[in-house]
Amino acid sequence: MKKLALALTTTAAAIVGFAAAAEAAPTKVCFVYVGSHTDGGYSQAHDLGRQQIQKEFGNKIETPYLENVPEGPDAERAIERLARSGCSLIFSTSFGFMDATVKVAAKFPKVKFEHATGFKSGPNLATYNSRFYEGRYILGQIAAKTSKNHGAAYIASFPIPEVVMGINSFEQGARSIDPSFKLKVVWVNTWFDPGKEADAAKAMVDQGVDILTQHTDTTAPMQVAEERGIHAFGQASDMIKAGPKAQLTAIIDTWGNYYSKRVHALLDGTWKSEQSWDGLKDGILKMGDYTNMPDDVKKMAQETEAKIKSGELAPFTGPINKQDGTPWLKAGEKADDGTLLGMNFYIEGVDDKLPASK
Amino acid sequence: MSVFEAILLTIITASTPLVIAGLGELVVERSGVLNLGVEGMVIIGAVAAFVGAQISGSPYVGLLTGIVGGALFSLLFGFLTLTLVTNQVATGLALTILGLGLSGMIGEGYVSVPGVQLHEIVFPLLSDIPFLGPVLFRQDLTFYLSIALLVGVNWFLFRSRAGLKLRAVGDSHGSAHALGIDVIRTRYLAVMFGGACAGLAGAQLSLVYTPQWVENMSAGRGWVTLALVVFASWRPMRVMAGGYLFGAVTILQFHAQGFGVGIPSQFLSMLPYASTIVVLVIISQNRRATLINTPASLGKAFVPER
């Protein structure tokens, strides 16, 4: 009976030419995650964004999601299934979904797609990413102020541009305070293995490192820092629970505002394919509370954050030399986005040899 | 504490779960059953231990729930392969997949909850002996259990009557049956022992190694264990040696990176696997001895005549 009434009202609305149908049938905004929605890191950050828009738009939208979707042929099937099931907008949230999303987007021109962290787009396929490196510059500055032995260790996953960019930005921030700062990089060759991440962290602490930063997904390194009484930075999520005395701050991914903006555009009919790469000023990237540090360091960090937000400071501003001493950026010159997104070299001061990527 | 001591302690933590799960699987395989579900049993042990410790507030209760969880989960494998005579390889693989999924479901509410840590036991006086003290007498319970398991399994398999029967079942279940040994019962007990050990290894992961729960946190250690048992040619001491070698190379390659050794990190990441295989292949060069050690009925189903 309810259904019939609903159908009648919908038809009536359509006849009258009312666009009120949106209220009766929620628009489907769908998500694809590479991990579980409670992984404590990357996929969870996206899911928090999903929950935020579900709350904001209420019964105007529905937000089904698929989790643990492996990158590869399965991804294409999963995305296509969503496209067939009546999704108006699909967010595919992992770099490895890029080609699958491109293929499905070509097949379903009426459905809109958004791919996170990729570089291929189309008329109905937008891309979005976050300038994580802006946050890492602040971490570097804090590390340079708080380390007793002018150095830190960077627990890194894979030698892809995103991670190399993070390492360089951290070092650049540190060198702006302490030119003799040395950054040790230790590769674990995994995004997700708490045991290995902890092993790497312990090895670095045993070698006398007193600041840890990580570019991997679990809180294990933070836990090691807490146990051994040194400091560390959270990654992707606020990790203060794992390191109440250890965490100095964290770079936190908050996709919710971006998702909200895009769903607004979808509902207004103003959605366009764009390539979005926002940072601190747009709120897509947030800094965790500045804790466990002296007031002057906290003040410096807040000032740097404000300067990055206002555009006064760009982390990659010359003069910067490459690791071998050859010049990269002249004084005052800023790095362009293309170079950053394909970054495959270290800057001066990084104490590591870059493993060949690919 | 010197750097050397610190490195040694980290190696012990990294190796202990491999040794424990390996010794368990060794007993299972010696009874003629091939259980490829170690990874699944380890992760079930990890989540059971974490949840148990959270609810009770005691890491020792957690340790116990981990062991019981692993054993109960292995019972499912036992029922399917021993009673219903399903294919052991396929059932073992299914057990791993089920374990990973089930543990994720059980642990859903426990992600990013601060863990209860199993702390080391300090023996007065003994712990103060330079070097030996911290390494041998300031460890958590799982390390002592791993040593006890090594001694116990060795004694049981090669010195006890029950162990002789178990090996007989593994070598020729038909003959063992003819001699009046209850093959199915023996194998059930062995499978449950293996499950309990895998559960204990999982408990070590979520209470000692990294005191937290995250999905898939076993990260392939169960598979490493399975390889260790085969390459160790079903000898307990070699499982121990292989486990420690694997742990040592894992930790040392991070130190090598930290000290700036110019070797590609991908190569260093591979080293634990490669070196363990190479060393275990070398020590099991004696083909005759290896053949004698290989349980002849391994992986074969037994259906008693009625």
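This is a predicted model: local features need pLDDT of at least 70, side-chain atom pairs count only at pLDDT 80 or more; totals for chains, interfaces and linings use all residues.
The place where the two chains meet comes first. On one side 36 residues of chain A take part, and they are in contact with 33 residues of chain B. The size of an interface is often given as the accessible area lost when the parts come together. Here chain A and chain B bury about 2,700 Å² between them, and 50% of that area is on carbon and sulfur atoms. Three residues, Asp199(A), Asp206(A) and Gln207(A), supply 19% of the area that chain A buries against chain B, which is more than any other three residues supply.

The rule finds eleven residue pairs in polar contact across the interface of chain A and chain B, both residues of each pair being at pLDDT 80 or more. One salt bridge is found across the interface of the two chains. Asp193(A) forms a salt bridge with Arg221(B), and the closest N and O atoms of this pair are 3.1 Å apart. As for the elements of chain A on the side that touches chain B, at least two residues each come from strand E8 (182-187), helix H8 (194-206) and helix H9 (220-228). The largest share of that side, ten residues, is supplied by H8(A). Sorted by class, the side of chain A that touches chain B holds 14 nonpolar, eleven polar and eleven charged residues.

The next topic is the nonpolar cores. The largest one has 76 residues, and Leu207(B), Trp213(B) and Tyr244(B) are those with the most contacts inside it. Several helices of chain B each supply at least two residues of this core, among them helix H1 (3-30), helix H2 (38-56), helix H3 (59-83) and helix H11 (236-258). The largest share of this core comes from H9(B), with 14 residues. A second, separate core has 68 residues, including Ala144(A), Val164(A), Leu183(A) and Ala301(A).

Gly242(B) lies in helix H11 of chain B. Its relative accessible area is 2%, and because buried means under 20%, Gly242(B) counts as buried. Leaving aside neighbours within four places in sequence, Gly242(B) is in contact with Leu228(B), Thr276(B) and Leu280(B). Of these, Leu280(B) is 38 residues away along the chain, and its C-alpha atom is separated from that of Gly242(B) by 6.9 Å.

In chain A, Gln247(A) lies in strand E11, which covers residues 247-253. Gln247(A) is buried as well, at 1% relative accessibility. The side chains of Gln247(A) and Asp238(A) are joined by a polar contact of 2.7 Å. Apart from residues up to four places away in sequence, Gln247(A) touches Asp238(A) and others, including Met222(A), Ala232(A), Ile240(A) and Asn292(A).

Salt bridges are the last topic. Over all chains the count comes to 19. In one of them the side chains of Glu171(A) and Arg175(A) meet at 3.9 Å, N to O. Both residues lie in helix H7 (residues 161-175) of chain A, four residues apart, which is about one turn of the helix. Glu171(A) is buried at 0% relative accessibility, whereas Arg175(A) is partly exposed at 24%.

Lys299(A) and Glu303(A) form another salt bridge, with their closest N and O atoms 3.8 Å apart. This pair lies in helix H11 (residues 295-310) of chain A, four residues apart, again about one turn of the helix. Lys299(A) is exposed, at 53% relative accessibility, and Glu303(A) is partly exposed, at 42%.

A further salt bridge joins Arg228(A) and Asp206(A), the closest N and O atoms being 2.8 Å apart. Arg228(A) is in helix H9 of chain A and Asp206(A) in helix H8 of chain A, so the pair ties together parts that are 22 residues apart in sequence. Arg228(A) is partly exposed at 32% relative accessibility, while Asp206(A) is buried at 11%. Finally, Glu80(A), Arg84(A) and Lys107(A) are linked in a network of salt bridges.

Definitions and conventions: Residues are numbered from 1 along each chain as its sequence is written. Chains are lettered from A and ligands numbered from 1 in the order in which they are written. Side-chain values use heavy atoms; hydrogens and water are left out. Contact means heavy atoms within 4.5 Å. Buried area is the accessible area (1.4 Å probe) that two parts lose on being put together, summed over both. A salt bridge is a side-chain nitrogen of Lys or Arg within 4 Å of a carboxyl oxygen of Asp or Glu. A polar contact is a pair of N or O atoms within 3.5 Å; within protein, one must be able to donate a hydrogen and the other to accept it, and residues adjacent in sequence count only if both atoms are side-chain atoms. Ala, Val, Leu, Ile, Met, Phe, Trp, Tyr, Cys and Pro count as nonpolar, Asp, Glu, Lys and Arg as charged, and the others, Gly among them, as polar. A nonpolar core is a set of buried Ala, Val, Leu, Ile, Met, Phe, Trp, Tyr and Cys residues joined through side-chain atoms within 4.5 Å. Buried means under 20% relative accessible area, exposed over 50%, partly exposed in between (1.4 Å probe, protein chains only).
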